[in-house]
Amino acid sequence: MRVAVFSTKTYDRDYLDRFNTDSKHELVYFEAPLNVNTANLTQGFTGVCVFVNDKLDEPAVDAIAKNGVRAIILRCAGFNNVDLEAAKRNGIRILRVPAYSPEAVAEHAVALMLTLARKTHKAYNRVRENNFSLERLNGFNIYGKTVGVVGTGRIGIAFCRIMKGFGARLIAYDLYESEELKLLGVEYRSLDDVMKLSDIISLHCPLNPDTRYLVNKHTIGEMKKGVMIINTSRGGLINTKDVLVGLKQGKIGYLGIDVYEQEEKLFFEDLSDTIVEDDIIARLMSFPNVLITSHQGFFTNEALEQIASTTISNIQAVETGRPTENEVS
Ligand code: NAD
C-alpha cells in the first residue's frame with residue numbers, strides 16, 4: 001500500500017523501515033505535519049500515517065478523502081486530533097496503536113522524580129567543571145514518603161509497582177479502583193486527600209473536561225508545603241500560571257513535567273537558534289527546582305518498536321480489508 005507518513009523524524013523512518021520488511025508497503029516520508037494546508041501532498045496515496053500534532057479536522061479530512069485517501073493510521077494511542085464524524089462520512093478507516101510500553105512513561109516519571117529529589121542534573125554539570133563540592137546538593141529519600149497517584153490505568157499501575165519497590169506509602173485516586181493495586185497495598189482515597197496528604201503527586205489520568213486544570217490555585221493551596229508535582233500525562237492537567245505562583249511562594253518544592261499545555265508550539269523541534277516567545281515556559285525554566293523534558297516519556301526502543309510493528313500491521317489490515325481491534329470507531 002502507498003502511505004504518506006507525516007511529521008516524520010529520523011527515528012520514525014528508522015523504526016518503520018525496519019518493520020516494513022521487504023519494503024512491502026511504499027512509505028513516503030514528509031517532515032511537515034498533516035493539516036488542511038498540507039493535505040494536497042496526499043494525492044496518489046491510499047493511506048496517511050500521522051502523530052499527535054497532525055491536525056485532521058473536518059476540512060483536512062474532506063481534502064484527503066477527495067485525494068483518494070482511505071485510511072488514517074495513527075502512530076499513537078490518542079485520536080483527539082481526528083474528526084471522527086468527517087472520517088466516517090468519507091468512509092475513511094482510522095487505526096491506532098492502543099498501548100505501547102506503559103513502563104516507558106512510568107519509568108520516565110520516576111526519572112524526573114529522582115533527578116529532582118537528588119539533584120543529579122546539577123551534580124552532572126558541577127562535576128564536569130571539576131566542582132566536586134556537595135554544598136546545596138542535599139536531597140531527600142523516597143523511602144517512607146507518601147506518593148499520590150492520580151489515574152491508575154496502565155501507566156499509573158506501572159508507576160505504583162515501581163514506587164512500591166522504593167518503600168513509599170502509596171495513595172491513589174481514580175474513578176475505578178484497581179484490584180491489583182489494592183493487593184499491592186495501594187490505598188484509594190478521595191482526590192482531595194491525595195492532594196492534601198502527598199509528599200509527591202504524579203499525574204497519570206487522561207486530559208478531559210473533568211481533569212483539565214486539576215492542579216490549580218485551589219488544589220495547590222491544599223497541598224503540603226514543599227510538595228513535588230510530576231506530570232507525564234497531558235499539559236492541560238496543570239494550570240501553569242497557578243503553578244508559577246506556587247513555585248514563587250515556595251508552596252511547590254519541585255516540579256517535573258514531560259508535557260506542557262502550550263507544547264505543540266515547542267516540543268519535538270530544535271528551536272535552539274530561535275527566540276522562544278512563550279514567556280511562561282521561559283519563566284518555568286528559570287527555577288532551579290523545575291525539570292522539563294519535551295514529551296519523551298514514550299521514547300524508548302521498546303515503545304518505538306511496538307509503535308512501528310503495530311503501525312505496519314495496521315497498514316497491512318487496511319490493504320487486506322481485515323478488521324482489527326486497533327480500529328477507532
Ligand atoms: P489508561 O486509559 O490506561 O489509564 C487512564 C486512567 O485514568 C484510567 O484508569 C481512568 O479510569 C483514569 N481516569 C479517567 N478520568 C479520571 C479522572 N477524572 N480522575 C482520575 N482518574 C481518571 O491510560 P494510560 O495508558 O495509563 O495513559 C495515561 C495518560 O498518559 C494518557 O492519557 C496520556 O495522556 C499520557 N501519556 C503520556 C505519554 C508521554 O510520552 N508522556 C505517552 C503515553 C501516554
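**Figure 1. Packing of helix H1 against helix H12.** Helix H1 (residues 10-19) packs on helix H12 (residues 301-320) at an angle of about 55°, and their axes lie 9 Å apart. H1 is therefore oblique to H12; angles under 35 degrees count as roughly parallel, over 145 as roughly antiparallel, 65 to 115 as roughly perpendicular and the rest as oblique. The axes are lines fitted to C-alpha atoms over the stretch in contact, with angles from 0 to 180 degrees between N-to-C directions. Helices (H or I, at least four residues) and strands (E, at least two) are DSSP runs, numbered from the N terminus. This is a predicted model, in which local features need pLDDT of at least 70 and side-chain atom pairs count only at pLDDT 80 or more, while totals for chains, interfaces and linings use all residues. Residues are numbered from 1 along each chain as its sequence is written, and side-chain values use heavy atoms, with hydrogens and water left out.

**Figure 2. Residues in the contact of H1 with H12.** H1 contributes Tyr11, Tyr15, Leu16, Arg18 and Phe19, and H12 contributes Asn301, Leu304, Glu305, Ala308, Ser309, Thr311 and Ile312; contact means heavy atoms within 4.5 Å.

**Figure 3. Aromatic pairs around Phe30.** The whole structure holds 7 aromatic pairs, defined for rings of Phe, Tyr and Trp (its six-membered ring) with centres within 6.5 Å; planes under 30 degrees apart count as stacked, over 60 as edge-to-face and the rest as tilted. The ring centres of Phe6 and Phe30 are 5.1 Å apart and the planes stand at 15°, so this pair is stacked. Phe6 lies in the loop between strand S1 (2-5) and H1, and Phe30 in the loop between strand S2 (26-29) and strand S3 (47-50), 24 residues apart. Phe6 and Phe30 are both buried, that is, under 20% relative accessible area, with exposed meaning over 50% and partly exposed in between (1.4 Å probe, protein chains only). For Phe30 and Phe45, centres 6.2 Å apart and planes at 80° make the pair edge-to-face. Phe30 and Phe45 each lie in the loop between S2 and S3, so their pair ties together parts that are 15 residues apart in sequence. Phe45 is buried, as is Phe30.

**Figure 4. An aromatic cluster.** Tyr11, Phe51, Phe268, Phe298 and Phe299 are linked into a cluster by ring pairs.

**Figure 5. The surroundings of His25.** His25 is found in the loop between H1 and S2. His25 counts as buried because its relative accessibility is 2%. Apart from neighbours within four places in sequence, His25 contacts Met1, Asn20, Ile312, Ile315, Gln316 and Glu319.
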